[in-house]
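I opened the model to look up a few features. My notes follow.

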Amino acid sequence: MAKRPARQFACRACGAVYPKWMGQCEACGEWNTLEEIAVEPLAASSPRASSKGRRVKLEGLEGMAAPPPRIRTSIEELDRVLGGGLVPASVVLVGGDPGIGKSTLLLQAACKLASKGERVLYISGEEAVDQIRLRALRLGVGQATLDLAASINVADIVATLEAEPDVRVVVIDSIQTMWLETVESAPGSVSQVRACAFELIRLAKRKGFSLILVGHVTKEGALAGPRVLEHMVDAVMYFEGDRGHQFRILRAAKNRFGATDEIGVFAMTDRGLEEVSNPSALFLAERRGNIAGSAVFAGLEGTRPVLLEVQALLAPKSGDNAPRRAVVGWDSSRLSMLLAVLETRCGVKLSGMDVYLNVAGGLKVAEPAADLAVAAALISAATGMPTSSGEVYFGEVGLSGEVRQVSQADARLKEAAKLGFDKAVLPRRIARGSARTKPPEGLTLREIGHLSDLVTADMEAE
């Protein structure tokens, strides 16, 4: 009788493997994420068990390494996030909420590549070929010479790709629907996702085509499936945005061939996703400068400076309930810290108020440089005095109230001057090695060292 394969349990959140089931994964701390997987034991007499490895050639750091060639998609915002275009034999993982626009963007990119003469295969495990054709007609790209297929069997897909010549780009939508018959589990499980991705990635590296995998996300916004999938690919990109909002942000979380935290900005229209070449102007298009509780933040997303409007609203708390802190687009714990600094170090009484904070435009801001803009919006809301319509803010705030330096201040100032702003509030700059660079023409700088300087100036203006 054949020996029953050994059983192990793998966490679907991080991919950690355990010999027995446990309620909580010790690696990532998630609860009820362990799934049973089958492990075929390696026979002692098999050639793989007795074979010896070969010595690996060692090389030094010296020598010139040419930059990798690029396959440009003709979608500038997508090429920006990729680092200049797709790299042959690379693997890109694209994640995002359902309906956010992943399939729409990749279908548009695939059709543009096919129109340039590149051989592109679009393989869907979620839609029939006719559904993809209808969406292409709706997007206005139905005339492209794109090869379509609908399949979830990885063995069939691999056999097809082996037989097709001159394939440059392959899109798999999505990796969670793929199925490998040698793995005893359902599609989307830890074992299936890992095994299917490994087969497709190995083929892409061997044949030299660019592979794009679409991935589902969990309710927390992380990619569904084992975390090891993110380590297997060369680039990981997330689609951000609210389905009820027209803006979509494509952000690079990992990129072996380009900068991380780079963003591409798109607008969802009835003709699909359209590029936004100047996101700062679009984010500020509906701003009214005479409203208290608003401030413009000069931010930096990857290598791109972006100007955003930060909105704050204060309201008296109701009854004996604890004050409410509602945040959209920023870190709620950082808001709590900033409120404590304003009250303790600057004397601004906010403990009895409900605080609502919003980053207009749907962009999620993660850098600490937004502290000063948020503080300016809160002070404006507390005093009822609007900030200047031509003023931008950036700077990190410490627990003692000091305003700290942030990176690439010159790029932020140039973006503000380009959009017509004439004032900038920023940390006191310290010249390192040489004199400080001059601000752009027409831009007046107001350097502050402590948050109380901002409060005092607003009180005097009032």
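How are α3 and α4 oriented to each other, roughly parallel or roughly perpendicular? They are roughly perpendicular to each other; angles under 35 degrees count as roughly parallel, over 145 as roughly antiparallel, 65 to 115 as roughly perpendicular and the rest as oblique.

Before going on I noted that this is a predicted model, in which local features need pLDDT of at least 70 and side-chain atom pairs count only at pLDDT 80 or more, while totals for chains, interfaces and linings use all residues. Residues are numbered from 1 along each chain as its sequence is written, and side-chain values use heavy atoms, with hydrogens and water left out.

**Helix pairs**

I looked up the axes of α3 (residues 102-115) and α4 (residues 129-139): they come within 11 Å and cross at roughly 75°. Axes here are lines fitted to C-alpha atoms, for helices over the stretch in contact, and angles run from 0 to 180 degrees between N-to-C directions. Helices (H or I, at least four residues) and strands (E, at least two) are DSSP runs, numbered from the N terminus.

Ser103, Thr104, Leu107 and Gln108 of α3 meet Ile132, Arg135, Ala136 and Leu139 of α4, where contact means heavy atoms within 4.5 Å. By class, I find four nonpolar, three polar and one charged residues in the contact of α3 with α4. Ala, Val, Leu, Ile, Met, Phe, Trp, Tyr, Cys and Pro count as nonpolar, Asp, Glu, Lys and Arg as charged, and the others, Gly among them, as polar.

I then took α5 (residues 154-163) and α6 (residues 190-207), which pack at about 5° with axes 10 Å apart. The two are therefore roughly parallel to each other. The contact of α5 with α6 has seven nonpolar, no polar and four charged residues.

Where does the largest pocket lie? Domain 2 and domain 3 both give residues to its lining, so the pocket lies between them. Its volume is about 690 Å³. I list 31 lining residues, with Glu240, Arg251, Leu363, Lys364 and Val365 nearest the centre. The lining divides into eleven nonpolar, eleven polar and nine charged residues. β9 gives the most, with three residues.

For the terms: on a 1 Å grid over the protein atoms alone, a cavity is a set of points where a 1.4 Å probe fits but cannot get out, and a pocket is an open set with protein on both sides within 12 Å along at least five of seven lines; lining residues have an atom within 4 Å of a point. Grid points are joined across faces, edges and corners, and a volume is the space filled by probe spheres set on the points.

**Cavities**

I searched the whole structure and got three cavities of 30 Å³ or more. The largest cavity holds about 50 Å³ of space. Its lining includes Arg70, Leu82, Asp234 and Phe257.

**Backbone**

I found a cis peptide bond between aspartate 173 and serine 174, with omega about 0°. Serine 174 is in the loop between β7 (169-173) and α6. Alanine 89 has a positive phi, near 70°, and is in the loop between α2 (76-82) and β4.

Notes
Domain bounds come from an automatic or database domain assignment.
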